[in-house]
Amino acid sequence: DGIFGIEASEWETVKDRFAPAQDYKTTFLSNSSDAYAIYQLRDGEDTAMLRFMDSAYLEQKGLAIEHDNYTAVYAGELKTAGDTQDKLNDLYQTFNINHPEDFRGHSLSVSDIVALRQNGVVSCHYVDSWGFKELPGFFDAGAPEARRDVSVREQLDNARKQAAQTEPKAPDKRPREPERS
């Protein structure tokens, strides 16, 4: 009793793997309560050298942590009490020891990202070899326009700073007005 060489009993054990992909990023960002999302590197040759690498290695090799290399693999409501570190530690334990039944990613590991929404504020945290590294602007970096705007802004700021440091200050050549008593 089966189809295409797969027995019905076998199908029951694997059918969830073929469920349509859920848009976890939208689920996470549209959640009105405190929430979290787990991001893992997309499968592919272009991300293979990033997988399971800590942030120090990436910096040493000149590799960036880019939103476009990741996909949201799970999202849920944030129920842990405590500060951000407590919540991150609890999620690390959950996604290594007590996976939710519908979680299809790998155990939370170095190079994964945990996004938190707390009181309407989103923060992203890189799972590092020891602890977590906050990633300001992780979502902003996903939009090419945002990357370009930031890059141009940074270039202009750097040019202004450099110009201010290298230009000698010209003396004030305006005639002074006599002091009044």
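## Close-up views of a predicted model

**View 1. Lys133 and Glu59 join their side chains in a salt bridge, with 2.6 Å between N and O.** This bridge ties together distant parts of the chain: Lys133 sits in strand β7 (residues 132–134) and Glu59 in helix α4 (residues 55–61), 74 residues apart. Lys133 counts as partly exposed because its relative accessibility is 28%. Glu59, at 53%, counts as exposed. As with every view here, please keep in mind that the model is predicted.

**View 2. Arg42 and Asp46 form a salt bridge.** Their closest N and O atoms are 3.3 Å apart. Arg42 has a relative accessible area of 29%, so this residue is partly exposed. Asp46 is partly exposed too, with a value of 42%. A search of the whole structure finds three salt bridges, and the pair shown here is one of them.

**View 3. Asp43 meets Arg51 in a salt bridge, at 3.6 Å from N to O.** Side chains of opposite charge can pair when their charged atoms come close.

**View 4. Asp112 is buried yet has no salt bridge.** You will find Asp112 in the loop between α5 (84–94) and β5 (113–118). The nearest side chain of opposite charge belongs to Arg51, 6.2 Å away; a salt bridge would need the nitrogen and the carboxyl oxygen within 4 Å. A polar atom of the Asp112 side chain does lie 2.8 Å from the backbone nitrogen of Ser109. Leaving aside neighbours within four places in sequence, Asp112 is in contact with several residues, including Tyr39, Gln40, His106 and His125.

**View 5. The largest cavity has a volume of about 40 Å³.** The count comes to one cavity of 30 Å³ or more.

**View 6. Gln93 belongs to helix α5.** Gln93 counts as partly exposed because its relative accessibility is 42%. Look across to Leu108: the C-alpha atoms of Gln93 and Leu108 are separated by 8.4 Å, and the two residues are 15 residues apart along the chain.

Key:
Residues numbered from 1 in each chain as written. Predicted model: local features only at pLDDT ≥ 70, side-chain atom pairs only at ≥ 80, totals over all residues. Heavy atoms only, no water. Helix = DSSP H or I, 4+ residues; strand = E, 2+ residues; numbered from the N terminus. Buried < 20%, exposed > 50% of the residue type's maximum accessible area, 1.4 Å probe, protein only. Lys, Arg positive; Asp, Glu negative; His and termini not counted. Polar contact = N/O pair within 3.5 Å; in protein donor to acceptor, adjacent residues only side chain to side chain. Contact = heavy atoms within 4.5 Å. 1 Å grid on protein atoms, 1.4 Å probe; cavity = no way out; pocket = protein on both sides within 12 Å on 5 of 7 lines; lining within 4 Å. Points joined across faces, edges and corners; volume = space filled by probe spheres on them.
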